[in-house]
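Dear colleague,

I am passing on the structure below, together with notes on what turned up in it. Please read them with the structure open beside you.

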Amino acid sequence: MAHVLAVANQKGGVAKTTSVASLGAALTELGRRVLLVDLDPQACLTFSLGLDPDTIELSVHDVLLGRLSAGIVVSTTADGTDLLPATIELAGSEAVLLSRTGREHALRLALADLLDDYDVILIDCPPSLGVLTINGLTAADEVIVPLQCETLSHRGVGQLLDTVQDVRRLTNAGLRVRGVLPTLFDARTAHSRAVLADVVARYHVDVLSPPIARSVRFAEAPGTGRSILATAGRSKGADAYRRHARAIAGLSTADEIPARRSPPPAGTPAAMTPAVAVAVPITAQGRR
Ligand SMILES: Nc1ncnc2c1ncn2[C@@H]1O[C@H](COP(=O)(O)OP(=O)(O)OP(=O)(O)O)[C@@H](O)[C@H]1O
Ligand SMILES: [Mg+2]
C-alpha cells in the first residue's frame, strides 16, 4: 500500500511544488515506485517535469470528476516518477465539485485503485485552502508543510493546522502532520531561526531537518523539465531532499547515500571506516 503524503501550505511560493518534484526524484533514486499528483490549476509541477499543460488532453481534472480512472491519465516523467498531470481545467473542477456530494473524497477514491502500484504518492496542493487542498488532505496519510521562514509565516501555518483539524474531524481521522519543512532557508540570519522557533513554540509541530537552503540551483531546474536531482545532483539542495526522502522511505541514517561516500584511504581496516554522515539528523525533531 502506498504511503500518501500531501505537501500543503496555502501561502504561495513556499516551495511546495519544488519539494514534491525533488522528493519524488529522490525517492525514485532509492528504488521506490513514486506517483506525483499535480493538484494545482497553475500546473507548475506538470510543467516543471517536462509536460506541457497546454497540450495535455487528459488530466487530474477528468479523474476528479469521475470521467476517467487515474491509471489512464498517469504519465512517466524524465525523472522516472509517474505523474498525474494538471491543466488549467482543474480550476473548473472546484466549481463542479462544490455541487457534488462527497466532494472532499474525489481524489481519495480516485487513488484507491493505484495504492498497490506505488510505494509513495506525493500530492502537490495549490496555494489555497479550497476544495482541492481538502481533497489532497483527505487522500493523505500525512501532510508536510513547507515553510519559508519570514515574518507572518506563522499565520499561514496556524490556518493550515486548523484546516487539518477540520479534515480529521470530518473526512480523514487518521491524517498526521509529518512536520514543517523549512524552505528557502537562510541559516545565516537570526530572523529565519527565530521565525522557525516561534512556529514550533506556537503550534507544537515537528520541524523536519535538514532545512532546505536558498539556492539558485532550484530556480534553474524547472525550465529543463527535470528536478534538481538531475540538474544539480551533487548540490546541497539535492542532498537535503535526498535526506528527507530517506526518512520518508523509512531508511536509517546509518547507510547514508552510498553514491556520495568517499572511499576510505587505501589500507584502512574495515573497522576504522568512518560511519557516514550521521551528524545531520533526518528524523523529525523539536516536538514539545
Ligand atoms: N530552496 C530554494 N532556493 C531558491 N529558490 C527556490 C527554492 N525552492 C524553490 N525555489 C523557487 O521558488 C519559486 C517558488 O517555488 P515553488 O513553485 O516550488 O513554490 P510553491 O509553494 O509550489 O508555489 P505556489 O504556491 O505558487 O504553488 C520557484 O521559482 C522555485 O524555483
Ligand atoms: Mg506550487
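In which loop is Arg226 found? Arg226 lies in the loop between α10 (216–220) and α11 (228–231), where helices (H or I, at least four residues) and strands (E, at least two) are DSSP runs numbered from the N terminus.

Before going further, please note that this is a predicted model, in which local features need pLDDT of at least 70 and side-chain atom pairs count only at pLDDT 80 or more, while totals for chains, interfaces and linings use all residues. Residues are numbered from 1 along each chain as its sequence is written, and chains are lettered from A and ligands numbered from 1 in the order in which they are written.

Arg226 counts as buried because it has 20 C-beta neighbours inside 10 Å; a residue is buried if 20 or more other C-beta atoms lie within 10 Å of its own, exposed if 12 or fewer, and partly exposed in between, with C-beta atoms placed from the backbone. Leaving aside neighbours within four places in sequence, Arg226 is in contact with Gly50, Ala78, Asp79, Ala221 and Thr231, a contact being two residues whose C-beta atoms, placed from the backbone, lie within 7 Å. Asp79 is 147 residues from Arg226 in sequence, yet their C-alpha atoms are 6.0 Å apart.

The protein has 12 helices and 7 strands, and 46% of its 288 residues count as buried. The 7 strands form an open sheet of mixed pairing, in the order β3-β4-β2-β5-β1-β6-β7, where two strands pair if DSSP finds at least two bridges between them. The edge strands, each pairing on one side only, are β3 (75–76) and β7 (176–183). Strands β1 (residues 3–7) and β6 (residues 142–148) run parallel and are joined by 3 bridges, with Glu142 in β6 as the bridge partner of Leu5.

Leu5 is also, with Leu122 and Ile123, among the residues with the most contacts inside the largest nonpolar core, which has 79 residues; such a core is a set of buried Ala, Val, Leu, Ile, Met, Phe, Trp, Tyr and Cys residues joined through C-beta atoms within 7 Å. Helix α1 (residues 16–29) gives the most to this core, with 6 residues.

Finally, in helix α8 (153–170) the buried residues include Val157, Leu160 and Val164, and they pack against α7 (131–139), β6, β7 and α9 (190–203). On the other side of α8, the exposed residues include Arg155, Asp162 and Arg169.

With best regards
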